[in-house]
Amino acid sequence: MELWRGLVNRCSLKQLFVTCLLCGIVFVATYHMKCGVPLMNRELVLERDVMDARYLPSVNCSSFHQEFQVDERKRFPTAIIIGVKKGGTRALLTMLELHPSVVTAHHEVHYFDYDENFQKGVESYIDQMPVSKPGQITIEKSPHYFVTDVVPQRMRMVSQNLKLILIVKDPVTRLISDFTQLDAKKVVNKREKRPSFEEAVLQRDGSVNTNYIPVQVSNYAVHLTKWLKYFPLSQILILDGDNFVANPYEELLKVQTFLQIKPFYTRSQFVFSDVKGFYCWKMNIQQEPKCLGDKKGRTHPTVSENVKQKLKQYYQSSNEQFYKLAQQKFNW
Ligand code: A3P
């Protein structure tokens, strides 16, 4: 206290003000040169680190960013949920978003599968991502990616290090779910022709209608083969969508490990809702559980065992091939 009083007596307010101002300028200049200004692209920041680091006082950039939160910006995704449609992709993305190290794009971006989007360039893609802080990873999901031939090559061209997440379900269950969604859309659009499930998936002679797109989507081996031409299996996490319905916590732990993010999920965060018929989730014990809306967890049509068996048989060889490619066995 005595020291402080002496200092104030000896220095004028003006001198103190100038000193503080100089300190501030040194602080900001050091930060900018060492850590890069917000929105500066990463390559430039790295280049500056290499060039100038020797001449600058030691600065911990990540703690700077965290404390002052100056580097909040939209970033290219670290991971993409590539599919499969009706595999549980929305529930997965929503539950991943609970994790403090994850931010997610809420809508399906369709950058790599729609030509007109891809042609707009990667900046337009990044622009659709949510803002993230340093240390957080960005995830988007567009299930149509998995079945679109051109996507693996495009993704690889844009980023070699992407982590891909694929959530698959029993192909027959997925097919029924896909049909249910398409049928529900027809009800909304009041389109007249609404074939039954059997009419849609079987031909008149009783064989499987391989021209029906939802039948093709469940042919996982065909699609995975294309992805493995461009990405090693180690970069693709394949989740069990049936187990995800029954036990979301278990599948989320796999994602946590794959993405190398800090342990966060607890079993008690997930609560089965008798009303919804699915697991819902909560951030903390006090919070009421939240569930997905009416468009997820629709009532499926009753399908005869005979038709189910026919479809199961149809998918059998494709499934075996998929297990080999995925180096993982499923219960289909
Ligand atoms: P159904 O609506 O046919 O039951 P996607 O989001 O990829 O379209 O997948 C939708 C499917 O997610 C749903 O299909 C449902 O089976 C599955 N799902 C998994 N976990 C869920 C959850 N917690 N709440 C609702 N649906 C869930």
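## Thr 104 and its surroundings

The side chain of Thr 104 forms a polar contact with the side chain of Glu 97, at 3.4 Å. This is a predicted model. Thr 104 sits in strand 3, which covers residues 102-104. Its relative accessible area is 4%, so Thr 104 is buried, the cut-off being under 20%.

Beyond residues up to four places away in sequence, Thr 104 touches Leu 93, Glu 97, Pro 130 and Ile 139.

## The chain overall

The chain holds 15 helices and 9 strands. It has 332 residues, and buried residues make up 44% of them. Take the contacts in the chain with a separation of 6 or more: 71% of these join residues 24 or more positions apart.

## Arg 75, a buried arginine

Arg 75 lies in the loop between strand 1 (73-74) and strand 2 (79-83). Is Arg 75 buried or exposed? Its relative accessibility is 14%. The cut-off for buried is under 20%, so Arg 75 counts as buried.

The side chain of Arg 75 reaches two backbone oxygens. One belongs to Asp 71, at 3.1 Å. The other belongs to Ser 132, at 2.6 Å. Neighbours within four places in sequence aside, Arg 75 is in contact with Ile 126, Met 129, Pro 130, Ser 132, Lys 133, Pro 134 and Thr 138.

The peptide bond from Gly 83 to Val 84 is cis, with omega near 0°. Val 84 is placed in the loop between strand 2 and helix 5 (89-96).

Two residues other than glycine have a positive phi. His 110 has phi near 55°, and Gln 260 also has phi near 55°. His 110 is in the loop between strand 3 and helix 6 (115-118). Gln 260 is in the loop between helix 14 and strand 8 (270-273). His 110 is buried, because its relative accessible area is 12%. Gln 260 counts as exposed, because its relative accessibility is 68%; the cut-off there is over 50%.

## Helix 14

Helix 14 runs over residues 248-259, which is 12 residues. How far apart are its end C-alpha atoms? They are 17 Å apart. Gln 260, with its positive phi, follows helix 14.

The buried residues of helix 14 are Pro 248, Tyr 249, Glu 251, Leu 252, Val 255, Gln 256, Phe 258 and Leu 259. Among them, Pro 248, Leu 252 and Val 255 also take part in the packing against helix 5.

## Two helix pairs

Two packed helices are described by the angle between their axes and the distance between the axes. Helix 5 and helix 14 pack at about 65°, with axes 11 Å apart. They are therefore roughly perpendicular to each other. The crossing of helix 5 and helix 14 is right-handed. Helix 5 supplies Leu 92, Met 95 and Leu 96 to the contact, and helix 14 supplies Pro 248, Leu 252 and Val 255.

How do helix 12 (residues 220-228) and helix 15 (residues 305-326) cross, and at what angle? Their axes come within 8 Å and cross at roughly 30°. Helix 12 and helix 15 are therefore roughly parallel to each other, since angles under 35 degrees count as such. The crossing of helix 12 and helix 15 is left-handed. On helix 12, the contact is made by Tyr 220, Ala 221, Leu 224, Thr 225 and Leu 228. On helix 15, it is made by Ser 318, Gln 321, Phe 322, Leu 325 and Ala 326.

## Met 155 in helix 8

Met 155 belongs to helix 8, residues 151-158. Its relative accessible area is 0%, so Met 155 is buried. Residues up to four places away in sequence are not counted in what follows. Met 155 touches Ile 80, Ile 82, Phe 112, Tyr 145, Leu 162, Leu 164, Trp 227 and Phe 231.

Met 155 and Tyr 111 are 44 residues apart in sequence. Their C-alpha atoms are 9.6 Å apart in space.

Conventions: Residues numbered from 1 in each chain as written. Predicted model: local features only at pLDDT ≥ 70, side-chain atom pairs only at ≥ 80, totals over all residues. Heavy atoms only, no water. Helix = DSSP H or I, 4+ residues; strand = E, 2+ residues; numbered from the N terminus. Buried < 20%, exposed > 50% of the residue type's maximum accessible area, 1.4 Å probe, protein only. Polar contact = N/O pair within 3.5 Å; in protein donor to acceptor, adjacent residues only side chain to side chain. Contact = heavy atoms within 4.5 Å. Expected span 1.5 Å × (residues − 1). Axes fitted to C-alpha atoms, helices over the stretch in contact; angles between N-to-C directions. Parallel < 35°, antiparallel > 145°, perpendicular 65-115°, else oblique. Left-handed = near helix turned anticlockwise from the far one by under 90°.
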